[in-house]
Amino acid sequence: MLQLRSCKLQPDAVGGSRAEMPAGYPGLACRFCYKASNGRRFFYSSPLKLWNSFGNIASHILEHCTTCPNDVRVALENLKQQRGKTRARGSQKKFMELVWNRLHKHQYANANTSSDSSVTKRVS
């Protein structure tokens, strides 16, 4: 989660697989490439989809992000090695629900404003 920041779906990005989501819909963005025109952003329609697709975010950072520092990649690889040893059953799902709820808390109150605050600040 330290490698992500909150973002809002921009009007020019609505459509395609995001046709059901209004402009201003909350999502997550890679903190390394989010400012680029092709920066990676993730918008999921439920906490279950976020949980089931979270591997796509790690895959982006580890394999596809051209601006991610190498030390971050090494640290993420080390975390992946420890993942099964330290995670309590069901804790990841609970964490994803917490992230989802905090991202969508004010979904429609400020739908047209952009957010640059870090998700980790909201989650911690």
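Colleague: By class, how many nonpolar, polar and charged residues has the lining of the largest cavity?

Modeller: Happy to start there, bearing in mind that this is a predicted model, where local features need pLDDT of at least 70, side-chain atom pairs count only at pLDDT 80 or more, and totals for chains, interfaces and linings use all residues. Numbering runs from 1 along each chain as its sequence is written, and side-chain values use heavy atoms, without hydrogens or water. Ala, Val, Leu, Ile, Met, Phe, Trp, Tyr, Cys and Pro count as nonpolar, Asp, Glu, Lys and Arg as charged, and the others, Gly among them, as polar. On that basis the lining has seven nonpolar, two polar and no charged residues.

Colleague: Which element gives the most to the lining of the largest cavity?

Modeller: A cavity is a set of points on a 1 Å grid over the protein atoms alone where a 1.4 Å probe fits but cannot get out, and lining residues have an atom within 4 Å of a point. Its lining consists of P26, G27, L28, F42, Y44, L50, W100, L103 and H104. With three residues, the biggest contributor is β2.

Colleague: Which residues is I57 in contact with, leaving aside neighbours within four places in sequence?

Modeller: Counting heavy atoms within 4.5 Å as contact, I57 meets L4, L28, F42 and Y44.

Colleague: Now to S45: with which side chain does the side chain of S45 make a polar contact?

Modeller: S45 sits in the loop between β3 (41–42) and α1 (47–64) and is partly exposed, with a relative accessible area of 40%. Beyond four places in sequence, S45 touches M21, Y25 and W100. A polar contact needs N or O atoms within 3.5 Å, one able to donate a hydrogen and the other to accept it. At 3.5 Å, the partner is the side chain of K49.

Colleague: What distance separates the C-alpha atoms of S45 and G27?

Modeller: G27 is one of the residues lining the largest cavity. G27 and S45 are 18 residues apart along the chain, and their C-alpha atoms are separated by 9.4 Å.

Definitions and conventions. 1 Å grid on protein atoms, 1.4 Å probe; cavity = no way out; pocket = protein on both sides within 12 Å on 5 of 7 lines; lining within 4 Å. Helix = DSSP H or I, 4+ residues; strand = E, 2+ residues; numbered from the N terminus. Buried < 20%, exposed > 50% of the residue type's maximum accessible area, 1.4 Å probe, protein only.
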